[in-house]
Amino acid sequence: MSNLRINLDDLLHARTVESERIEFKATWDPRVTGHQVLKTICAFANDLRRHGSGYVILGVAEKDGSADLPPRGLSPEQIDDATRWITGNCHRIVPRYVPRISREEVEGRSILVIWVPASETPPHQAPDGEKGDRKYWVRIDQRTVDAQHAGLLTQLLNQSAIVPWDSRAAEDATLDDLSETLVREHLKASGSALVEEKDARTIYRKMDIVRRINDHEVPRNVGLLFFAREPGRWFPGAKIETSILRTGAGGDVLEEKDFRGGLAEQVRACLAHLRREVIGSAIHKPASGARASRRPSYPEEALREILVNALYHRGYDEGSPHTTLVRITSDRIDIRSTPGPVPGVGREELIRGATPKLVPPRNPRIGELFKETGLAEKRLTGLDKVYQAMERNGSPPPEFYFDEERTFFQATLHAHAWRSAGSAIREAGELRAVGRQQEALEKLEAAWHANYGSVVIAEEFVRQCLALGDLDRAEPVIRMNLHLAAHVERPDVVVPWLEALIADGQGERVQRFLNKYGLRLSAREAVGAAIVARRLGDEDLAARLFNAAGPAILDEPRTLLESAQSKLWLAGEAHREGRADDNRRLLEDARTLLERLLGMDAPRRRHAWAWHELGRVRRWLREPASAVDEAYANAIRLAPDETRFHEERG
């Protein structure tokens with residue numbers, strides 16, 4: 001039966017264990033391989049980088065730093081010889097250290113997996129070959145090196161004086177305080193064959209979550225944190241407290257919920273709660289016409305990584321009684337844990353793309369168990385994963401902060417713009433419902449100032465300004481809109497504002513605005529603005545705006561008709577000024593637009609006007625009378641009540 005607490009395939013492919021914690025040996029030869037293995041066991045036992053453990057795998061070759069599969073395998077005689085030799089030579093490691101050895105089968109071939117948990121009595125020495133001197137061996141990247149030669153002996157000696165807190169024995173607990181059910185659930189989630197073991201205490205020993213004290217065994221701290229039903233009995237800070245602040249017309253409401261149990265259980269339950277209450281999602285449709293996508297307010301991938309990191313890197317001893325706090329407001333999530341980072345971790349290493357220093361973590365065994373279940377990333381990859389997840393979601397980058405005294409660490413995730421926008425719009429709606437119109441407008445205005453890039457807030461704020469007749473108050477949004485890059489999605493605010501100004505009798509203001517800013521409008525805005533200019537009777541301005549809109553005029557029947565009518569006006573001007581070539585070109589352009597409209601699905605009256613304008617084009621181009629009459633006849637058939645059609649047909 002397997003003695004491994006993790007899935008063998010995950011181990012061979014380094015999915016849940018960093019490659020630097022694995023050493024592959026293609027075959028077994030006690031005269032060569034034996035002494036190499038002994039030195040690597042010593043290095044993993046010394047655990048300079050505080051990984052928690054390491055693995056030596058015999059019978060599998062290495063290729064480019066990974067397992068070369070299928071394995072070469074070992075014969076039964078080699079398996080027995082290697083097991084006897086390693087066990088018999090462990091006395092040569094000083095102080096003596098005995099690893100966990102497990103025979104495994106991969107694709108019909110036998111291999112030997114040697115699991116080396118971090119020692120409780122470091123530092124260790126092992127001989128450099130059959131007759132070599134004993135040396136302190138450590139693991140650097142994927143190499144086993146002499147600590148003294150590498151300049152790391154002082155660090156090893158200093159570090160060895162302190163056993164990591166999560167490895168220590170919980171002397172006031174018993175093995176009965178561990179939940180066999182939680183342990184087996186962990187093994188099942190990890191894909192470990194150890195779940196088949198019948199005896200619970202044998203499982204605990206093979207998982208290295210218990211320790212012998214004198215004549216009895218007790219749980220390690222890490223065992224209680226993951227597998228006790230209520231770790232808070234021993235460690236007051238071992239729980240997550242969430243609070244959701246909801247703001248409305250009736251005041252602020254604080255919804256609080258605690259999560260207890262094993263650490264992995266806390267993470268899963270807290271994530272499920274946040275998934276229901278705050279993650280949400282909305283459809284995002286880019287202005288470019290690209291395919292719409294669904295965007296959560298917070299990418300769960302980033303939230304999970306931040307939450308796991310908080311539980312992984314925090315303290316649980318008597319000096320850290322505070323719980324892990326998760327505070328949610330309308331536009332952000334703050335996750336705070338105590339204390340702050342271990343010495344050696346600086347703020348510059350928390351920025352995107354930075355390479356963190358290889359500083360030993362506070363709780364290596366906690367990290368191991370999180371990684372084995374897939375809840376945590378392999379070392380040094382977590383923060384970049386958070387940055388990437390936020391960027392893919394279109395969210396602001398995460399923020400990380402700790403104080404000078406390192407008393408706490410806080411990670412902040414900012415909501416996707418749609419969430420903060422939705423909260424502001426909902427709260428403003430509640431205020432309007434109770435007659436507090438100005439407060440609702442102020443709420444939207446403040447939300448817009450806090451997030452200039454939010455399309456929905458800008459649109460809702462301008463809409464409410466127009467509804468209240470406060471047109472000047474909307475103008476800053478309009479002007480800000482003009483400075484957005486052409487490829488950025490813009491709020492639909494300019495044309496509604498211009499139309500409201502016309503309705504308010506401010507036509508001259510509209511003309512001044514369009515003459516000054518018309519070329520800054522997006523194609524979609526230029527189309528709407530051109531139609532507004534036609535309403536003002538400024539056909540020259542309308543023509544310039546239609547021209548600026550480019551191909552955007554081809555998408556909508558109304559735009560095609562308005563643009564064709566604008567070209568007819570320009571054609572008339574060219575005729576009056578004696579520019580015959582321009583007159584004919586403009587008439588042909590108008591014909592093309594009208595014929596395109598007539599091929600589209602559009603209201604009957606719009607088709608009627610298209611036939612009417614086409615009749616005018618044919619007449620001015622001196623086409624046969626039958627063609628002109630056909631166009632007018634179609635216009636009258638579609639809109640018989642339009643007297644103008646009858647009059648012009650003659």
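Which residue is the bridge partner of Arg211 in β12? The first legend answers this; the views that follow cover the other elements of this predicted model.

**View 1. Strands β11 and β12 form a hairpin.**
The bridge partner of Arg211 in β12 is Val218. Strand β11 spans residues 210-213, and strand β12 spans residues 216-219. The two run antiparallel and are joined by four bridges. Two residues lie between the strands. In the turn, Asn214 has a positive phi of about 55 degrees.

**View 2. Strands β9 and β10 form a hairpin.**
Strand β9 covers residues 137-140, and strand β10 covers residues 143-146. Their pairing is antiparallel and extends over four bridges. Ile140 has Arg143 of β10 as its bridge partner. The hairpin has two residues between its strands. Asp141 takes a positive phi near 55 degrees.

**View 3. Four strands make an open sheet.**
The strand order is β1-β2-β6-β5. Pairing within the sheet is mixed. Strands of a sheet pair through backbone hydrogen bonds, either parallel or antiparallel. The edges are β1 (22-25) and β5 (100-106), each of which pairs on one side only. On average, neighbouring strands of this sheet are turned by 20 degrees against each other, direction ignored.

**View 4. Strand β2 pairs with strand β6, and helix α3 lies across both.**
Strand β2 takes in residues 53-58, and strand β6 takes in residues 109-117. Six bridges join them, and the strands run antiparallel. Leu58 stands opposite Leu112 in β6. Helix α3 (residues 76-89) lies across β2, β5 and β6. Relative to β6, α3 runs at about 15 degrees.

**View 5. Helix α9 crosses helix α10.**
Helix α9 is built from residues 300-313, and helix α10 from residues 364-372. Their axes come within 9 Å and cross at roughly 150 degrees. That angle makes α9 roughly antiparallel to α10, because angles over 145 degrees count as roughly antiparallel. The crossing is right-handed. From α9, Val308, Leu311 and Tyr312 take part in the contact. They meet Ile366, Gly367, Phe370 and Lys371 in α10. By class, this contact has five nonpolar residues, one polar and one charged.

**View 6. Helix α20 crosses helix α22.**
Helix α20 runs over residues 557-576, and helix α22 over residues 604-620. The axes come within 11 Å and cross at roughly 25 degrees. The two helices are therefore roughly parallel to each other. Their crossing is left-handed. On the α20 side, the contact is made by Pro557, Arg558, Leu561, Gln565 and Leu568. On the α22 side, Arg606, Trp609, Ala610, Glu613, Arg616, Val617 and Trp620 make the contact. By class, the contact has seven nonpolar residues, one polar and four charged.

**View 7. Predicted confidence falls under 50 over residues 282-293.**
The chain averages a pLDDT of 88, and 94% of the residues score at least 70. Over residues 282-293, pLDDT stays under 50. For this stretch the model has 16 contacts beyond four places in sequence. Where pLDDT is low, the predicted coordinates should not be read in detail.

Key:
Residues are numbered from 1 along each chain as its sequence is written. This is a predicted model: local features need pLDDT of at least 70, side-chain atom pairs count only at pLDDT 80 or more; totals for chains, interfaces and linings use all residues. Side-chain values use heavy atoms; hydrogens and water are left out. Axes are lines fitted to C-alpha atoms, for helices over the stretch in contact, and angles run from 0 to 180 degrees between N-to-C directions. Angles under 35 degrees count as roughly parallel, over 145 as roughly antiparallel, 65 to 115 as roughly perpendicular and the rest as oblique. A crossing is left-handed if the near helix is turned anticlockwise from the far one by less than a right angle, and right-handed if clockwise. Contact means heavy atoms within 4.5 Å. Ala, Val, Leu, Ile, Met, Phe, Trp, Tyr, Cys and Pro count as nonpolar, Asp, Glu, Lys and Arg as charged, and the others, Gly among them, as polar. Two strands pair if DSSP finds at least two bridges between them. pLDDT is the predictor's confidence in each residue, from 0 to 100.
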